[in-house]
Amino acid sequence: MALAPGEVDTRAAEVLPDRSASIVTYCSNSACPNSGQVAGRLIHLGYTDVRKYREGIQDWTDASLPTESA
C-alpha cells in the first residue's frame, strides 16, 4: 500500500490501524527521501515498529527478492 508523505497524518489510522505492527517504508531507490519522511511521521504519530528500507524497491527487485502487488 502506498502512503505519500502528505497523506500520513490523514490516512495512517485508516490504513495502518495497529500502531504496534511491523511497518517498513521504502522508495523507488536510495535517492528518494519520501520513505524517511513517512517513517518519521509514523513514529511521531505513535507507531512503535517502523523501519526504513533505505536502498528502495529497485535494490530489492535487482536482488530478485519477492514482491506483491496490491
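A residue is called buried when its relative accessible area is under 20%, exposed when it is over 50%, and partly exposed in between, with a 1.4 Å probe and protein chains only. By that scale Ser-28 is partly exposed, with a relative accessible area of 40%. The model is predicted, and local features need pLDDT of at least 70, side-chain atom pairs count only at pLDDT 80 or more, and totals for chains, interfaces and linings use all residues. Residues are numbered from 1 along each chain as its sequence is written, and side-chain values use heavy atoms, with hydrogens and water left out.

Ser-28 sits in the loop between S1 and H2; helices (H or I, at least four residues) and strands (E, at least two) are DSSP runs numbered from the N terminus. Leaving aside neighbours within four places in sequence, Ser-28 is in contact (heavy atoms within 4.5 Å) with Gly-56, Ile-57 and Gln-58. Its C-alpha lies 14 Å from that of Ala-63, a residue 35 places away in sequence. Ser-30 belongs to the loop between S1 and H2 as well, and is exposed at 55% relative accessible area. Beyond its neighbours within four places in sequence, Ser-30 is in contact with Arg-54 and Glu-55. Between the C-alpha atoms of Ser-30 and Gln-58, 28 residues apart along the chain, the separation is 8.6 Å.

Strand S1 holds Thr-25, which counts as buried at 7% relative accessibility. Neighbours within four places in sequence aside, the contacts of Thr-25 are Ser-35, Val-38, Ala-39, Leu-42, Arg-51, Lys-52 and Tyr-53.

Next comes the nonpolar interior. In soluble globular proteins, nonpolar side chains tend to be buried together. A nonpolar core is a set of buried Ala, Val, Leu, Ile, Met, Phe, Trp, Tyr and Cys residues joined through side-chain atoms within 4.5 Å. The largest one here has 10 residues: Leu-3, Val-8, Ala-12, Leu-16, Ile-23, Val-38, Ala-39, Leu-42, Tyr-47 and Val-50. Helix H1 (8-15) and H2 are the elements that give two or more residues to this core, and H2 gives the most, with 3 residues.

The largest pocket has a volume of about 690 Å³. On a 1 Å grid over the protein atoms alone, a pocket is an open set of points where a 1.4 Å probe fits, with protein on both sides within 12 Å along at least five of seven lines, and lining residues have an atom within 4 Å of a point. Of the 23 lining residues, Met-1, Ala-2, Val-24, Thr-25 and Tyr-26 are the closest to its centre. Strand S1 (23-26), helix H2 (34-44) and helix H3 (56-62) each supply at least two residues of this lining. The lining divides into 16 nonpolar, 6 polar and 1 charged.

A search of the whole structure finds 1 aromatic pair. Its members are Tyr-53 and Trp-60, whose ring centres are 5.5 Å apart with planes at 90°, so the pair is edge-to-face. Rings of Phe, Tyr and Trp (its six-membered ring) pair if their centres lie within 6.5 Å, and planes under 30 degrees apart count as stacked, over 60 as edge-to-face and the rest as tilted. Tyr-53 is partly exposed at 23% relative accessible area, and Trp-60 is partly exposed at 29%.

The segment after H3 contains Ser-64, which is exposed at 66% relative accessible area. Ser-64 has a positive phi of about 60° although it is not a glycine.

Methods:
Points joined across faces, edges and corners; volume = space filled by probe spheres on them. Nonpolar A, V, L, I, M, F, W, Y, C, P; charged D, E, K, R; others polar.
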